[in-house]
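Please view the sequence and model first.

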Amino acid sequence: ALQWVKDKAEWLHVDAGRIAVMGDSAGGCLSAGIAQKALDENFPLRGQCLVYPALDNTCSTYSATSFSDAPIFNGVANKRMWEVYLPGHAAGNVPPYAAPAGRQDLACLCPAYVETAEFDPLRDEGQEYARRLSAAGVAVTEHHPVGTVHGYDMMGNNALTQEALQRRCDFLAGIFREATCASA
């Protein structure tokens with residue numbers, strides 16, 4: 001799909017030099033995996049916006065094992081999701097890009113926005129991935145709103161959601177603005 005967008009950029013009225021990926025939950029997994037593959041294939045990607053991303057198929061973090069009764073999405077659902085997504089794959093036998101937290105070398109990935117929710121089984125893996133990206137020299141913007149659960153932003157008419165949406169937009173505007181400046 002990413003290659004298709006690049007190939008059809010003119011037809012889509014898209015600047016092929018200003019493409020980013022964004023996803024929440026399982027979409028955050030796909031977006032992080034796409035960012036990794038884009039790097040490996042020398043595909044210029046401006047950024048990755050990961051909102052409470054599912055990244056670690058081992059389901060072994062504190063939050064993944066502790067939030068078994070969290071509303072909307074919990075540790076039990078998280079484990080089941082990975083079983084459905086990667087049927088028959090042992091923790092050490094995962095296809096490349098399918099579980100982005102498993103990648104050892106995160107250097108040179110595109111800038112990242114990583115947002116987690118406080119009472120979410122995916123919280124710790126998102127925060128750890130952001131830490132590892134930063135340690136690898138990747139520009140990372142983080143947002144960890146307190147008192148939130150997975151999918152909290154489905155309730156659009158509240159201050160927490162409005163702030164998160166603004167932070168996401170600011171990140172995207174920033175990476176696209178940088179692309180404009182760099183090409184000028």
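## Helix α3

I34 is part of helix α3, which covers residues 26-40. The model is a predicted one. Helix α3 is made of 15 residues, and the distance from its first C-alpha to its last is 21 Å, close to the 21 Å expected at 1.5 Å a residue. Just after α3, N42 adopts a positive phi of about 55°.

## Buried side of α3

Which residues of α3 are buried? They are G28, C29, S31, A32, G33, A35, Q36 and A38.

The buried residues of α3 have several packing partners. Two are strands, β1 (20-24) and β2 (47-51). The helices among the partners are α1 (2-7), α5 (75-85) and α6 (123-135).

## Surface patch

I34 has a relative accessibility of 34%, so this residue counts as partly exposed. Together with L30 and Y85, I34 makes a nonpolar surface patch of about 250 Å².

## E125 in α6

Helix α6, one of the elements packed against the buried residues of α3, contains E125. Is E125 buried or exposed? E125 is buried, and this residue has no salt bridge. The nearest side chain of opposite charge belongs to R123, at 9.8 Å.

Leaving aside residues up to four places away in sequence, E125 is in contact with P53, A54, L55, D56, T61 and N78.

Conventions. Residues are numbered from 1 along each chain as its sequence is written. This is a predicted model: local features need pLDDT of at least 70, side-chain atom pairs count only at pLDDT 80 or more; totals for chains, interfaces and linings use all residues. Side-chain values use heavy atoms; hydrogens and water are left out. Patches are made of residues with over 30% relative accessible area and no salt bridge: like charges are joined within 9 Å, nonpolar side chains (Val, Leu, Ile, Met, Phe, Trp, Tyr) within 5 Å. Accessible areas come from the Shrake-Rupley method with a 1.4 Å probe; for residues, only the protein chains shown count as cover. A salt bridge is a side-chain nitrogen of Lys or Arg within 4 Å of a carboxyl oxygen of Asp or Glu. Helices (H or I, at least four residues) and strands (E, at least two) are DSSP runs, numbered from the N terminus. Buried means under 20% relative accessible area, exposed over 50%, partly exposed in between (1.4 Å probe, protein chains only). The expected span of a helix is 1.5 Å times one less than its number of residues. Contact means heavy atoms within 4.5 Å. Lys and Arg count as positive and Asp and Glu as negative; His and the chain ends are not counted.
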